[in-house]
Amino acid sequence: MHQNRVVIADDRPTGPLAGVVVADFARILAGPYATMLLADLGATVIKVEGPPTGDDTRTWTPPVSADGTATYYLSTNRNKRSIVLDLRDADDLAVARRLADRADVLVENFKPGGLAQFGLDHATVSATNPGLVYCSISGFGPDSGLPGYDLLAQAVSGLMSVTGEADGPPLRAGVAVLDVVTGLHATVAILAALHHRDATGQGQHVQTNLLSAGLSALVNQTSAVLAGGVVPQRLGNAHLSLFPYEPLPTGDGDLIVIAANDGQFRKLATAIGAPELLDDPRFGSMADRNAHRDELRPLLLERLATRSAQEWFDVLAPVGVPCGPIQGVDEGLALAERLGLDPVVRPGGMPSVRNPVTYSATPPAYHRPPPGLGADEAEIRAWLAED
């Protein structure tokens, strides 16, 4: 860790990563998400943005917040500082190199090799800062020229091929899920590398990419190919290995109903008033229910049609059957609030979703709203000018 635990004049870092300086050369989602998680835990994150408009997501509208800021940008940039540097300008490049020399962590998602022309690649920077943890995030690895967009990665990884109705077209997930998963892997890698650095003094270059993260995130689907020789297909909301595990229509709308083991199926059959299903050999085990799902489904629907989704939720949830309505994002936030998860934080008055992890000793903190473009220019430059 570098000598200045108080990194910038007005900074009093707290948390398990207090004193860790992160040079954030990333933009859009995967990298900024990773660095925001580090910032939540006390790292001082300095977001380097290019002129004239900064991070691409500052212009990704609609929607916008009450003050006109793109909500996409707001989602991944709290607790950071911003400086605008034109790496093609000699003076700004000198500032960028100074930042890289002072940093404990550098995160970048330029086109592979893109920072080498500026002397900000791992080999060059680590020569003068050997303890640096340098994290590179790309779309398809260091040897590919393909652009790193989530939609493209969802398409080529196979994720879209298993998303959508069986008789419909492939669909992307409703959020840039591979960017998020890649950001999480980057965060894990950075923390592991910092632990190694603290033990040995040695930094390292960690790399991840959307395709590799996507194949890992496909878990049982990639396993089906590798270990079972089965290429998964789209099943809509159904599950290849479990039934019921999908939305089922009730008297007034769909309800997610899950019986992921024999015990849950017993509870379900009993609660809906169909105990005879438990004595039917066609439905005696999960394998049996899968094999006879087309026969079991109408029997379940016949019972579920007798009450509303809310009524069935009130019946099934208390006896241990996983179930729930399909809600909007606003309703999801409201549910988290009702469950006492306190999902919203307001650093600087700007609402944001709370870091999803709780810590008994070192909780995340929310000191700063997402910065305006270049908002911290003067103090960062002054700090970097110090000896």
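Predicted model: local features only at pLDDT ≥ 70, side-chain atom pairs only at ≥ 80, totals over all residues.

Trainee: Which residue does Trp-60 form an aromatic pair with, and what is the geometry?

Mentor: The count comes to one aromatic pair. Its rings sit 5.1 Å centre to centre, with 85° between the planes. Planes over 60 degrees apart count as edge-to-face, so the partner and geometry are Tyr-72, edge-to-face.

Trainee: How far apart in sequence are the parts that this pair ties together?

Mentor: Trp-60 lies in the loop between β2 (44–49) and α2 (71–74), while Tyr-72 is in helix α2 itself. The pair therefore ties together parts whose separation in sequence is twelve residues.

Trainee: Is Tyr-72 buried, exposed or partly exposed?

Mentor: Its relative accessible area is 28%. Buried means under 20% and exposed over 50%, so Tyr-72 is partly exposed.

Trainee: Which rings have an arginine over them?

Mentor: Arg-58 lies over one face, at 4.0 Å from the ring centre, and that ring belongs to Tyr-73. Arg-307 puts its charged end over another ring, 5.0 Å from the centre, and that ring is Trp-312.

Trainee: Is Asp-280 buried or exposed, and which side chain does it contact?

Mentor: Asp-280 is found in the loop between α9 (262–271) and α10 (286–291). Its relative accessibility is 18%, so Asp-280 counts as buried. Its side chain makes a polar contact at 2.7 Å with the side chain of Arg-282.

Notes. Residues numbered from 1 in each chain as written. Heavy atoms only, no water. Helix = DSSP H or I, 4+ residues; strand = E, 2+ residues; numbered from the N terminus. Buried < 20%, exposed > 50% of the residue type's maximum accessible area, 1.4 Å probe, protein only. Polar contact = N/O pair within 3.5 Å; in protein donor to acceptor, adjacent residues only side chain to side chain. Phe/Tyr/Trp six-rings, centres within 6.5 Å; stacked < 30°, edge-to-face > 60°. Lys NZ or Arg CZ within 6 Å of the ring centre and 35° of its normal.
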